Amino acid sequence: MRLASGGTIDRTKILNFKFDGKSYQGFAGDTLASALLANGVKLVGRSFKYHRPRGILSAGAEEPNALVELRTGAHREPNTRATVAELYEGLVAQSQNRFPSLRYDLLSVNGLLAPVFAAGFYYKTFMWPASFWEKLYEPLIRRAAGLGRNARLPDPDVYEKSTAFCDVLVIGGGAAGREAAAEAARAGGRVILADENAPGAEIEGAVYLPRTTVFGVYDSGTYGAVERLADHLPASPGPRQRMWKIIAKRCILASGAIERPMVFGNNDLPGVMLAGAVQKYISHYAVAPGKNGVLFLNNDDAASLIPILSEAGVHLAAVVDSRPKSTELVREAALEAGTPLFAGSVISQAVGRLAVTGANITTSRGQSIKLECDFIAMSGGWNPAVHLTSHLDGKPVWNESIAAFIPGALPPGMEVTGAAAGAGLNANIAPLWSVKDAGPKAFVDFQNDVTAADIALAKQEGFVAVEHLKRYTTLGMATDQGKTANVNGLALMAQATGKTVPETGTTRFRPPYTPVAIGALAGPHRGKNFKPTRRTPTHDWAAGLGAVFIETGLWLRAQYFPQSGEDWLAATSREVNAVRNAVGICDVTTLGKIDIQGPDAAKFLESVYTNSWANLPIGRARYGLMLREDGFVMDDGTTARLAENHYVMTTTTANAAKVFQHLEFCHQWLWPELDVCFGSVTDQWAQIAVAGPRARDTLAKLVDAPFDISNAAFPYMAAASLTVCGGTPARLFRLSFSGELAYEVAVPARYGAALARALMEAGSEFSITPYGTEALGVMRVEKGHPAGAELNGQTTAHDLGLAKLLSKKKDFIGRALATREALTDPVRPTLIGLKLVNPGDRLRAGAHLLPQNVPAVAAHDQGFVTSVAYSPTLGHWIGLGLLQNGPSRLGEIIRVYDPVRNGDALAEVVSPVFVDPEGTRLHA
Amino acid sequence: MLEATILHLTATAHVQLAPPRSMVSIAAFKTTAAALHQAITLPVTPHCSLSEDITFLWSGPATWLALSEAPDLESRIRHLANGLAAITDQSDGRAILRVTAPAAKLQKLVPIDLHESAFAPNATALTLAGHIPAQIWRTTTGFELCCFRSFAESLYHSIVEACEV
């Protein structure tokens, strides 16, 4: 209930909100939790497994019980802790994990079956029959035991990301943190103060980030933090949250401490709360959790609550101190307040159904006393919040005198101050990890419904190591990561095994400290902006012609140019026919182009390619094969020699960056003595393939005199620098991927679109046709050229029929390991062509190749189909594949087996070169 | 001559495409590196230096990017240093954006420290802008970011989103 005065809330600003459909009011400065308590709402959720009624335990981020679904629709966020959700006008929240309502939850019958539902229940019970697990048991368990529901709609909010640098990062804006930040600011230097809570006073000279949780510590002084920009507002046009990567030379951790519950029967009833939380609700929010309470403690710190309750006019029925003689401080405080003190006593059970109505006290003499009360404030001592100190694997150390873990080895650059370091905590504490004979429902981990009995069971079953305890019982998992449970849990295990707490140790803390929305981690990189897009110089020109685009890595490439009514197959077939019968153009800018210069350029090429380069004349290009160091094929391309020590290497589009990295590695690490420089010119040059019987006739109109493009002057594989279209600098290469008479013409990228238009104009009398990557793909399959599907990282030069390119006269990357017996065994699947026996059947890449008349099992698998195309040139589907002993089986009929897509057909093994096997068109 | 297509990126309050400049990359050959430094004064730390109307940007070990509004940059560099370095025209291979927004806005994309104390005028770095590799340098009015031409639209949209919101 709300107290008449006091608190830091703004009583002039009334806020309306809804919880489970009912309307309430609170004040600006309230959290959802404080506003609910002010309205006398104690029941806020149902527990994870047993569906027990639960109330608000704490006043902070460590809250395990009061988890709500906040907001509605696409903004709905599950598992929001009511204790940190700032109240705003129109806030809507729903309780979780109950059906049909919080009061009348059907699944609370689980509580009756509690003895059966102990820890390890799922692992032991739903084992048979095994097939039932996936379809029946798991979905049922998932429905019965759960936290909140995901909205299942795209996140409508905008998130930002940013990087910040500073000399000192102070984490925690309490007294210790503020002082540290002020001091660091006075000393000069760049200071950032990050605090989870709503804004307080600014600190002069420091960057102040309120509503900001530092969730993780990473290498090299890097810290991850989330700033909540708009979660406290009804709506915001701007970003909802901002993720910070903070790089700090030094860090001061002032994260405070988290109170420990006491472990006794039914300590999870609504109304049983941490003593420090009760104090905070009264002092900060002017909210009393009830009218008549009992305080249960084992340390002097919690006694500060006694006068606070008095001043607030809240009746304290008793102070129960587990320490045999209590202490002078507690005795005096109780006397002053006129409250009975039970020294050497414990609360054995809390009593109540949907909220606490009484406490059963067991005195030092073994007497049982029942007291009526409507709240219980418990304090088992405080744990310094050491989590961030151990994200880089530092282990906290047990401090016997305060019976708590304090920071041990710290991340480089970090120091700890205040309660986080254990200062001023747990005066005169006598640890009580659990009351005796606590019964089966004394909770240790409220969020995961783990009791003291579960820990005893885990020990009985042999799961004594603290990491096993966690996984067997689920203690310390889920959204609160055991903030109020871990120490009680491991101390109970220590007691059960007769070990000390330090011998038992803690589980490892990992980021994030509190949950982080995935949207915050993504920032602006979502949807189409997940990765950047690269466009070719002819992109707009192709789009203007109605091209359909395909993503190739980061690039958008024209895939096909459908004319009215055409689907992809019709367009592609038309484009292939146009190229083979007349002429077509295709943008090939995306293939990596690497400019290589220097006195040792040829030596460098000799070392990275398998074939010879030293004898390549100026003005010629050559196909090159590149292996990885393990002897497998990495990439292929053509490299042209433009001058004495000047080459341009091309790579496949997909491997451009990889090859460049490989060259850098070779140059910097393997052969730093070689005098060679290389740089990417992929973007500098727009490059267009001109292919087909009329290619020369088309280009002849564009090349500037006196350049001679005749077959004699510019034969297959020639390369030259020239000008085109009245003085535009250009390079011309006579290369063919399609198997037709073909060239690639390159101009500086700004002229790419104009070159495409000029080619279309020059070729119009030959019905020149733009073609895309689909047609490009069909033609290379028709010619049996290996491409991405065959250069899959698992094939060797032998597999692809390129063994003759492995020079025997020089060393090159991959040479030695490529000679391993297993890599040259002909039984390895090697490249062949496939022609369906029945043309009406369908070939699909990925189908398996088996001999006829044997069972279709893995033992008979002899290879698979790598690439498939409909060949308009031949009028039927064709494929390339890798088949054991492939080249020696030409003419054999084998089975193409594709059970996933219901394919089962017969095909003849043929040469992979389906069109123009003699290559006469190339040299036309 | 073929018609040139200019990148079409609408200027906003703080972001615009830099005026077109010639760009040439220079990479020193090992054996002639000393002679190259004699022929041209080049920054040997990550900085830009101005020599007449040519800006030389350090772009990696023994590598530089020369920028100039003069159209004949490549031939001038060849005149000074032919045979001493790999000289490659990159006038079409790069796009440059000019940003006058405060550094804090750019920090949403750039993961290095852009504060004056860490990134002084004439400092340059090879880094990322979001997921796009970029070279950044500080000018008197703000920053310039240089990326591969094919990334220009993506980089522009990222920077506008970061700087104009």
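**Helix packing and local geometry**

Modeller: Asp454(A), Ile455(A) and Ala458(A) of H8(A) make contact (heavy atoms within 4.5 Å) with Leu469(A), Tyr472(A) and Thr473(A) of H9(A). This is a predicted model, where local features need pLDDT of at least 70, side-chain atom pairs count only at pLDDT 80 or more, and totals for chains, interfaces and linings use all residues. Residues are numbered from 1 along each chain as its sequence is written, chains are lettered from A and ligands numbered from 1 in the order in which they are written, and side-chain values use heavy atoms, with hydrogens and water left out.

Colleague: How do the residues of the contact of H8(A) with H9(A) divide by class?

Modeller: Ala, Val, Leu, Ile, Met, Phe, Trp, Tyr, Cys and Pro count as nonpolar; Asp, Glu, Lys and Arg count as charged; the others, Gly among them, are polar. On that basis the contact of H8(A) with H9(A) has four nonpolar, one polar and one charged.

Colleague: At what angle do H8(A) and H9(A) pack?

Modeller: Helices (H or I, at least four residues) and strands (E, at least two) are DSSP runs, numbered from the N terminus. Axes are lines fitted to C-alpha atoms, for helices over the stretch in contact, and angles run from 0 to 180 degrees between N-to-C directions. H8 covers residues 452–460 of chain A and H9 covers residues 466–473 of chain A. Their axes are 10 Å apart, and the angle is about 120°.

Colleague: Which word describes H8(A) relative to H9(A) at that angle?

Modeller: Angles under 35 degrees count as roughly parallel, over 145 as roughly antiparallel, 65 to 115 as roughly perpendicular and the rest as oblique. The angle here is about 120°. H8(A) is therefore oblique to H9(A).

Colleague: Is the crossing of H5(A) and H6(A) left-handed or right-handed?

Modeller: A crossing is left-handed if the near helix is turned anticlockwise from the far one by less than a right angle, and right-handed if clockwise. H5 (residues 275–285) and H6 (residues 305–312) of chain A cross at roughly 35°, with axes that come within 10 Å. H8(A) passes H9(A) in a right-handed crossing. The crossing of H5(A) and H6(A) is left-handed.

Colleague: Which residues in H8(A) are buried?

Modeller: Buried means under 20% relative accessible area, exposed over 50%, partly exposed in between (1.4 Å probe, protein chains only). The cover over the buried residues of H8(A) includes strands E27 (443–445) and E28 (450–451), H9 and helix H10 (486–497) of chain A. The buried residues in H8(A) are Ala452(A), Asp454(A), Ile455(A), Leu457(A) and Ala458(A).

Colleague: What radius of gyration does chain A have?

Modeller: The radius is taken over C-alpha atoms, and the globule rule is 2.2 Å times the number of residues to the power 0.38. The C-alpha trace of chain A spans about 115 × 70 × 55 Å along its principal axes. A compact globule of 924 residues would be near 29 Å, but chain A has 37 Å.

Colleague: Why does Phe143(B) count as buried?

Modeller: Phe143(B) is in strand E10 (residues 143–148) of chain B. Beyond its neighbours within four places in sequence, its contacts include Leu97(B), Val99(B), Phe119(B) and Trp137(B). Phe143(B) is buried because its relative accessible area is 3%.

Colleague: Where is Pro512(A), which a cis peptide bond joins to Pro511(A)?

Modeller: Omega of the bond between Pro511(A) and Pro512(A) is about 0°. Pro512(A) is found in the loop between helix H11 (501–504) and helix H12 (518–522) of chain A.

Colleague: Is Asn853(A) buried or exposed?

Modeller: Asn853(A) has a phi near 60°, a positive value in a residue other than glycine. Its place is the loop between strand E44 (848–850) and strand E45 (863–871) of chain A. With a relative accessible area of 77%, Asn853(A) is exposed.
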